[in-house]
Amino acid sequence: MPVCPEQTIPKGRAMVDVIVVGAGVVGSSTAFHLAESGANVVVLDPQQGFGGQTPRSGGIVRDHHATTVEADLARESLTEYYESWSTRIGGACGFTRTGFAYLADEGDAEALRANVAMLRAHGVPDELLTPEELAELEPAISTEAISVASYEERSGYADPAATTISLQQAARRRGARFERLRVSALVEESGRVVGVRAQNGVRRADAVVLATGAWTPRLTATVGLDLPIRPARIQVMLYERPYELTTHLTMTDVANDIYLRPTADRCTLVGRHAPEREWLDDPDADSGEPDTDFVAEGLARLGRRIPAMAEAPYRLGRTCALDITPDGRPILGPSEVPGLHLAVGWSGSGFGKAPAIGAELARWILTGAPKRPELTAFTDRRFATGALIRGDHEYGATGPH
């Protein structure tokens with residue numbers, strides 16, 4: 001009997017077979033939690049999770065989000081996983097606590113204050129800082145154009161590759177299998193997804209999970225499901241820190257239109273969306289290399305915020321295709337086509353929430369419901385009804401994702 005999204009698995013029934021397509025951090029987290037719960041899991045990905053967004057992620061781990069459910073997922077990921085990775089998952093994720101600050105200019109100050117008030121009422125320990133308090137906390141930065149900042153002491157960053165590899169190893173220890181296979185289509189019978197078509201033929205399962213980022217619409221189109229996901233290019237650069245600057249805060253600098261964090265190898269990672277989205281006709285069209293003028297602009301913005309890095313040498317850069325949804329929120333849970341579950345449309349905000357998201361998806365698949373009922377609003381059905389998810393206090397170019 002297939003697994004239905006609305007149905008709780010009866011006790012004592014046979015092991016559930018699940019295919020996860022995509023072995024990035026979200027797919028690997030989902031596979032780990034499914035295997036931990038007793039499902040028979042196989043993960044298919046020709047590049048084992050390192051061909052898409054995951055290895056190019058900023059790796060920021062913080063609580064600050066525009067909806068309480070996303071903040072709650074981020075908080076659980078931080079406190080229950082990243083901070084205790086070796087005991088909860090095994091191996092290492094490279095989590096480094098630097099503190100996290102969200103820097104707002106005058107135009108976004110009111111919204112930031114309101115968002116912090118909302119998060120604090122929900123138990124998230126964000127605090128507001130004046131520019132003077134921020135400068136005292138982080139002497140390396142200039143407070144130019146900053147009206148107010150929020151601050152989280154426990155947040156920081158993790159290593160995307162180490163995080164994903166250790167999740168995969170933990171999933172394997174619990175019986176999951178990872179195979180280097182490309183999936184070209186979903187297989188549908190009687191209106192239900194019953195498997196996938198891979199390089200070596202059809203693979204059948206009770207449930208299929210897509211964690212395939214910007215490449216998802218190609219697969220869902222094979223069963224007539226049109227998802228409003230558009231690929232957009234993002235560029236990330238690494239600049240070498242001067243010897244005297246050992247580290248600094250991890251920051252989303254809305255006032256300067258960048259995000260930045262230190263790295264373990266004495267660099268600072270700087271990410272920036274183009275002033276307007278650089279939409280791609282095809283996610284495979286991304287060159288993988290940042291534009292020369294974008295590298296120069298990234299350094300100029302970095303220097304405005306951290307003056308000691310105004311002439312920092314450029315080390316390397318990378319680009320990737322993000323999977324952008326109309327409301328900037330992910331598409332999660334059972335799709336309109338029975339048997340198919342989605343963990344896509346991250347719009348650049350998946351890494352920090354990935355551990356808790358994997359736990360929720362596994363529960364949703366195996367019992368028919370997530371632990372957090374609010375997540376049912378994140379399915380693909382919201383686009384047909386116009387019930388897009390908006391934060392109570394949206395601000396900045398992309399909101400506090």
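**Close-up views of a predicted model**

**View 1. Serine 190 sits out in the open.** With a relative accessibility of 86%, S190 counts as exposed (over 50% relative accessible area; under 20% is buried and anything in between partly exposed, using a 1.4 Å probe and protein chains only). You will find S190 in the loop joining β10 (183-189) and β11 (192-198); strands (E, at least two residues) and helices (H or I, at least four) are DSSP runs, numbered from the N terminus. S190 is not a glycine, yet its phi is positive, near 55°.

A word on the model: it is predicted, so local features need pLDDT of at least 70 and side-chain atom pairs count only at pLDDT 80 or more, while totals for chains, interfaces and linings use all residues. Residues are numbered from 1 along each chain as its sequence is written, and side-chain values use heavy atoms, leaving out hydrogens and water.

**View 2. Arginine 266 also has a positive phi.** Here phi is near 60°, again in a residue other than glycine. Look for R266 in the loop between β16 (258-262) and β17 (267-272). R266 counts as partly exposed, at 30% relative accessibility.

**View 3. Isoleucine 141 is tucked away in a loop.** I141 belongs to the loop between α5 (131-137) and β7, and at 7% relative accessibility it counts as buried. Leaving aside neighbours within four places in sequence, I141 is in contact (heavy atoms within 4.5 Å) with L134, M251, R305, I306 and P307. I141 and H248 are 107 residues apart in sequence, but their C-alpha atoms are 8.6 Å apart in space.

**View 4. Helices α1 and α6 pack together.** The axes of α1 (residues 25-36) and α6 (residues 160-173) come within 8 Å and cross at roughly 25°. These axes are lines fitted to C-alpha atoms over the stretch in contact, with angles from 0 to 180 degrees between N-to-C directions. That makes α1 roughly parallel to α6 (under 35 degrees; over 145 is roughly antiparallel, 65 to 115 roughly perpendicular and the rest oblique). On the α1 side, the contact is made by V25, S28, S29, A31, F32 and A35; α6 brings T163, T164, L167, Q168, A170 and A171.

**View 5. Helix α4 has a buried set of residues.** The buried residues of α4 (residues 106-121) include A109, L112, V116 and L119. Among the elements covering the buried residues are α2 (68-80) and β5 (100-104). After α4 comes G123, with a positive phi near 95°.
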